Amino acid sequence: MKIGILYAGPFGEQMINHISLSGFADRIVAVYELTPEKIPGGARPEDLWENPAEFMPVDLPQASCDLLLVLGVQGALGVFVPEIARRWGARAVVFAVDDRGMVPDARRSIEEDLGAAGIHVEFPEPFCILSGSGNELVRAFAERFGRPVFRAAIDPDSHRIARVTVVRDTPCGTASAAAAKLEGLPCEPGPILKCCYEEHHNEEAEHCCLAEMDPLYPVMQEAGDLLKDAVFTACGMPTTKDLIIRGIAAAGGEIAVDALKERVVSPQARWEGPEKGCTAGRTFDLYLAELVGEGKVESAGKGKVRIR
Amino acid sequence: MPMTDGKEILSILLDFKGERIREFCRERIEVGMKPHAIFGELSAGLEVIGKGFEGTGETRYFTSDLIVSGRNMKRALAILKPHFSPRGENGFQTSGRGRGLVLLGTVKGDVHDIGKMIFVVTLESNGFSCIDLGVDVDKEVFADRVARDEPDILSLSALLSSTLPAMGEVLHELERRSLRQGVKVIVGGHAVTEEFAREIGADAYGRDAVDGLKKCLSFVGAGS
């Protein structure tokens, strides 16, 4: 699989750096920094809508790839993506959205343009939510990068984490950075949460999450929740999904979604309290939808859910 | 003197690997440039990124830009700090309490401190003595240290709006322990507004480091 990348800023650099160093360097055939300064004639992003091909950056290299990754590019420049994908012969596009500024203004028309050209597109939000896909190219990429998955071996005598294997890394590398630090820790929530927090949220950490953290758009918090629950799953500890099920059971088998959310989601940026599983409402929404999809929970009507 | 334009400063601040910022600082120190001047150049770049992040600048910047530029600014401060004169620019001794003792910290739940670090440098450069309690600081710790160190000023910082209530809790804790009267409280950070500062009963709001310095100078009777 040949990968082409459109990127901008430190967000894009971090991803390219980690993906390259994780054994994908020889698959990356083209990297192009797509920023507003590259638009010829001083045109503004809003001028691009009608005919983006007319404003195509003149220094865009020629390339041929299968999968096109769009990393950290301003949403307004997303209109260039269909044309670049066509020129580079891409058959699938992954357009990462980790910040409101990266949300493409013309998402629907991008989807339509790419669809008309027979090019599959996905907009993972955040990038590290990417897992399975109906598209073989995205699926192949997501086998290595996306929603974190670990395998952990626990020493039965010391009850410490003996070994952690990263099955699927986050594109930014937080998962493998955390895995290295998890080995040797007691298999208990406190030290594990501290490790996840320090590797994921701490800006000093090399692979820290660079996604938006505004409480109105808590993508960084969601990414952190995914990491924490992946570690808890591997260590056999109760995950947020388990706490959701427990919350429904504790309420007699049926509960209002809002009340359940209040019970499970921590209002702080940190994971705290035995009943608090995640720090972002959007993580709760994702998990609840997954539990419904898995047939474990169902709607009870009037904004309530029950165990199935 | 090495010349670097604004665009280049931005590019150095946004360098993901952080190698260029070290080179930039060392090169300037070696040719005798004053650390305050270097700090000023970088601060100007940081302000451009901050404005772009808030949507009021020419270029749009993301959270990732804010994080990486903040991280690079910290790297720069680590290099520059030993070169700052122990005597403030205005000739005030910074040892002991200097013009006044300022206790600073980022409130509970918030781990951001680049703004606070810039404020520390600005205060120290102007003759204040500072004790930085770091990030994610409990209200009890703030109150304990106010009781122990008897600072003239307590400076609270927060970037995330979700951590704003923690600022009010610090003030409540000071009131509860009858410590509030003995210390002036200034609040600042991305999430803070002047209105919020009034609401929680802070003595002042610092819009940025320079504005905060003016308020601190007025607290110790030095005017602006």
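Start by selecting Ala92(A): its bridge partner in strand 5 of chain A is His120(A). Strands here are DSSP runs (E, at least two residues), and helices are runs of H or I of at least four, both numbered from the N terminus. The model is predicted; local features need pLDDT of at least 70, side-chain atom pairs count only at pLDDT 80 or more, and totals for chains, interfaces and linings use all residues. Residues are numbered from 1 along each chain as its sequence is written, while chains are lettered from A and ligands numbered from 1 in the order in which they are written.

Next, select strand 4 (residues 92-95) of chain A together with strand 5: they pair in the parallel sense over 3 bridges, pairing being defined as at least two DSSP bridges between two strands.

Contact means C-beta atoms, placed from the backbone, within 7 Å.

Now move to chain B and colour domain 1 (6-83) and domain 2 (101-219), whose bounds come from an automatic or database domain assignment. Between these domains of chain B, 7 residues of domain 1 are in contact with 5 residues of domain 2. On the domain 1 side, helix 4 of chain B gives the most, with 4 residues.

Terms used: Two residues are in contact if their C-beta atoms, placed from the backbone, lie within 7 Å.
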